[in-house]
Structure formats: structure tokens, C-alpha cells
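I opened this one to see how two chains pack together. My notes follow, in the order I looked things up.

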Amino acid sequence: MEAMLAYAVTVLILVGIYALFALGLNIQWGFAGLINFGHVAFMAIGAYTMVILNLHGVPLSLAILIGLAVAGGVGALLTLPAIRLKADYLAIVTVGFSEIIRYIALNERWLTGGAAGLRGFSLPLEGIVPAEHYDLFVLGLIWGSVLIAFILLQRLVKSPWGRVLKSIREDEDVAKVSGKNVSAYKMQAFLLGSILAGFAGMMLAVYHSYICPYYYYPIETFYAWIVVILGGSANNLGTLIGALLLWVFLSGTRFLSPIVPLSDFTFAALRMALVGVLLVVLMLYRPQGILGNKKELTF
Amino acid sequence: MLTGVTSGCVIALGAIGLTLTYGILRFANLSHGDLVTVFAYIGLWCHRLFHNVFLAGVATIIGGSLVGLGLEKVVWRPMRERGASSVAMVIVSVGLAIAARHVLIAIAGPRLHFYKISPRIFQLGDVRISSVQILVVAAAVVAMLFVYYILQRTKLGKAMRATSDEPALAKVSGIDVNRVINWMWIMGMGLAGLAGFLYGLYTSLRPDMGFYLLLPMFAAVIVGGIGNPYGAMLGGLLIGIVQDMSLIFLPSQYKVAVGFAAMIIVLVFRPRGIMGRAI
């Protein structure tokens, strides 16, 4: 029973982290129609900035704020070369960017600890929260953040700002003709989404009390994509449901692992392959996902 | 320099398929790198089976063409018939990339793989050339001449160029667009098969190297000008040489980042590339 409960806590923590991560993508892709295939890079940037600054003596709260600013700022900058061009270019630029961030994390050992990763940074309210309940505290922290992010985003997408974003997604030229600065809106959407990804990365680092480059494989980005598309693009509630379903799938199939006559490694790889297949099948047969509105699709 | 030309040839071969897809179907096919990886492994397994480089190479090209045609029937044509936009195509291509990559990881395991051939080394003055390098460059040149012949001298090639320039016009002038697209996949993916096979000849393979291969190929496509196969060849060579030169002042892990930087610079200052039309 105890073990089951601990397992449920772990899964719910991960659901919360991926919900935050995917909410960020939903702003970019769902509402603004921007293809970001390098979302995981901002997770890495946020987490590494926080950890590295903290290990060099910066207090954790300040390190978190700087980390969020760096993640958001880099996100906004990244849109510069591609934002005026066709959507596909942004896809390529972001894929490349996220791979390069991962190479840097892997190779600049003096800064990032290389493949061995970094540990020993301070955790929020460490010492105040009893260690045996720390996971529960993290759970509360993450789901509190999810709730706040969800409410803020809901208000934001219903505001004039959100409507402009949607109009850009539907037809950029119309938005431009109505006097909206399209590039600025796109950049703001990217900034906001990257900040959320950065925060999710920090929470993942806090939960593991460790970071290493292997947390930032491209597959993480596509987990966020499957969450958003499965739940329904441009639907924040759908994104939360998608995150829950992803982890029900990922952890549920883990229980099957002892029954299936495959090594853990092979099984895990096939599970990730299934995520790719699911993405293709969804796009073919139900591109609006569970809660999405077919009329609101960019594709 | 010579290693740059060798890898440039492989990048160019991969980039031709990519740029044809972009020209005719109007979307960035992000599964291309992972499919080249799959073909590299097919080449590896064929080579173990036949113990003959030429047989294995031909088998891989045929395998690549069949995979290309199969995906067209199962995925791309149904997507087009649904009226999917290019954005939807890009997302589907990434789903394919993820699926192909992880199936390959499941089969091949995470280790590095080699073809285990020992090339002969020729000494020409100060330059050392291995037989593998000669083979790669020769095969690439033959393949590119073949592409040139198809595109410029055959009816199919004319139809392909017409479809790439103006799809609607091509359709009304009686070109069977679906047939053109079939042949585009056969040609592009056959070349991708050859690229994967040649890549495996001179370096080690990893099942998760798809994006690592895709980035220089995309850089080549964009530098050369999107949709232009000759631009892709030239771009591929350029990217290969630039990446190789960067080894003088950067560790090899960042080779791909250099090609990527070249692409960003072209995107910012001359988005239509060297030989592309205005966009």
C-alpha cells in the first residue's frame, strides 16, 4: 500500500511537470500556431541556469528567477531568424537548437558536469520541510504551479491578447492588415512558452535533485507534442488531460514489462516508438484530439 | 578537405530527396534523417549477409525506394487526400522519425556499429586517400549525374520540375501528379538509401543519429535554395567542407552546430539560398 502510494505520488509529480511543459507548448503551437520542435531545450536552459548559478553561490530564489528570464529570453531570440519565414523553418531551427543545447550540456564539462551531470544544489524549503515528506511537498508545489499557470493562461487566451494570437494562427495577413505587430505577438508567445518549459525543467531538477544531459533527449519535446495534440490543440484543459493520459500510458505499460518477453531496454524503446506512431495516427484520423475544436485547427 | 568532400557528398545525396519533397509536396520532411539512419543499418545488415559492398549498396538503394513508396501509400497520400496542410505533414513526419528511430534502437541496441571493412590507403604526394573515400565520391558523382539525366532529359524529370514549379498548372496540363510524386519518393528515398549506405562505410553508426544527419542535410537544402536539387548538391558539398574546416578551431562534437550556424546565416541574409527562387 505504502509503495503504491509512493508510486502514485511519483506519477502525479511527473504528470504535473509535463502538464506545465506542455501548457507552454500549447501557447506556442495551439494558440499561436508556431511549430516548436525544440521545446526540451528550454527545459534544459531553465534547469541548468538555476543549478549552475546556485552551485556558484546564488540564492535559489534568485537563481530560479534568472533561469526563467534566460529561458524566456533565449526563446524570444530564437524566433528572430525564422519568425518572418514559413512555419517549417521554425521547426528546423528549433530541432537544431535543442540538439546543440544537448551537445553543449554533454561536452562543456567545466560548466555542466558533462555526462555525469550536476547534483548538490539547494532545494526549495529544504530543511524546513521534513525530508520524509519532501516528495509530497514537491507534489503540492508542482500542482500548485499547474493550477496557477492554468488559471493565468485561461484568462490570457480569453483576453484581447489571446484573440490576436488566434487570429495570427488563422491568418497572419489579416492580423497584419488590422495593424497588429505579428512578429511581436509571436515572440511573446514563444517567450511565455519557454518560461513555462524552463520552470518545468527546474521542477524536474528539484524532483530528481540532479540534472544530466540525458533528461533532454528530443523525445521529451515530442511527449509534449503528443500531450497537446491528444488533449486537443488550443485547449488548456485538454493539455492537462493529455499529460495524465501520457503518464497513464507510460507507467501502465511499465507494469506489462515483466510479462512481455523483451529486455527492459527494448521494451522502453518500443514504447517510445509507439508515441511516434500515435502521433501519426492522431494526425491522420483525429487531428483535433479529445477536446479540440475542429474549426480551430491550423491544419 | 578531402574528408569534407566525402561527407559533403553524402550530405548532398541525402539533401536531394529532402529538397525534392520540399519542392513538390511543400513540406519539410523531418523523418528524412532517421530514414537515412534506418537505411544505413539496412546497408550494414546487407553487407553482413552478402559480404560484398556493391550488392549491399544496390540492395540498400532498392530498400530505400520501397520504403519511400510504402510510406507514400500508407501515410502521405492519405494525408493529402484529407487535405492536410504542410504544417500537419511536418508533424506527421516527426512522428515517423520518432517511430523509426525507436524501433531501430529496439532492434540494434544503443551501441555503435561498424561495417568492419578495412580500406586500402593510397599515398598521393602529401595526400592520403582511402579506397572508401574514392568509392563514396565516385558513387555520389554517378548518382548525381543520374539525377541530372532524369530531371533534364526524361519526360518524367520534366513533369517533376513542372510540378515543383507550379503544381496546379502541372495538373491542368495533364501531368499525373500522383505518379510524379511516386517517382519522386522512389528517387529521393533511393538516394537517401545510398547516402545511408555510404555514410556507414566511413564512420560508425548509432541508431539515434537521425537529427544529427538531418541538420546538415537541411542546411544544404536551405543554403542551396529550397526545392532546387542542384542547389542541394552544391549546398551539401559546401556544408561538408565548412564542417570539416571547423575542426581546426572547434571540437568535433560541434561540427553539426557549424552547419546549423551556416544555415541560420543564410536564413537571415538570403533566405532563398544560392540557387533558389524568391520566397
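I began with helix α9 of chain B, which is mostly covered: 14 of its 15 residues are buried. For buried I used 20 or more other C-beta atoms within 10 Å of a residue's own, with 12 or fewer for exposed, partly exposed in between, and C-beta atoms placed from the backbone. Helices are DSSP runs of H or I with at least four residues, strands are runs of E with at least two, and both are numbered from the N terminus. This is a predicted model, and I kept local features at pLDDT of at least 70 and side-chain atom pairs at pLDDT 80 or more, while totals for chains, interfaces and linings use all residues. Residues are numbered from 1 along each chain as its sequence is written, and chains are lettered from A and ligands numbered from 1 in the order in which they are written.

I then checked the span of α9(B), residues 210–224: 21 Å from first C-alpha to last, close to the expected 21 Å. That expectation is 1.5 Å times one less than the number of residues.

**The contact between chains**

How many residues does each chain bring to the contact? I got 35 from chain B and 35 from chain A, with contact meaning C-beta atoms, placed from the backbone, within 7 Å. On the chain B side, α3 (53–81), α4 (86–108), α9 and α11 (255–269) each supply at least two residues. I sorted the chain B side by type and got 30 nonpolar, 5 polar and no charged. My classes were Ala, Val, Leu, Ile, Met, Phe, Trp, Tyr, Cys and Pro as nonpolar, Asp, Glu, Lys and Arg as charged, and the others, Gly among them, as polar.

**The hairpin in chain B**

I looked up the strands next. β1(B) (121–124) and β2(B) (127–130) run antiparallel and are joined by 4 bridges; strands pair if DSSP finds at least two bridges between them. B:Gln123 sits opposite B:Arg128 in β2(B). The two strands make a hairpin with 2 residues between them, and B:Gly125 in the turn has a positive phi of about 65°.

**Whole chains**

Chain B has 11 helices and 2 strands, in the order α-α-α-α-β-β-α-α-α-α-α-α-α. Its radius of gyration is 18 Å, close to the 19 Å from the globule rule for 279 residues, so chain B is as compact as a globular protein of that length. The radius is over C-alpha atoms, and the rule is 2.2 Å times the number of residues to the power 0.38. Buried residues are 56% of chain B.

For chain A I noted 12 helices and 2 strands. Its C-alpha atoms fill a box of roughly 55 × 50 × 35 Å along the principal axes, and 47% of its 299 residues are buried.

**The core**

Which residues have the most contacts inside the largest nonpolar core? They are A:Tyr18, A:Leu279 and B:Ala12, in a core of 195 residues. A nonpolar core is a set of buried Ala, Val, Leu, Ile, Met, Phe, Trp, Tyr and Cys residues joined through C-beta atoms within 7 Å. Helix α9 of chain A (182–208) gives the most to this core, with 16 residues. Leaving out residues up to four places away in sequence, I listed the residues A:Tyr18 touches, among them A:Tyr223, A:Leu246 and A:Trp247.

Conventions
Contact = placed C-beta atoms within 7 Å.
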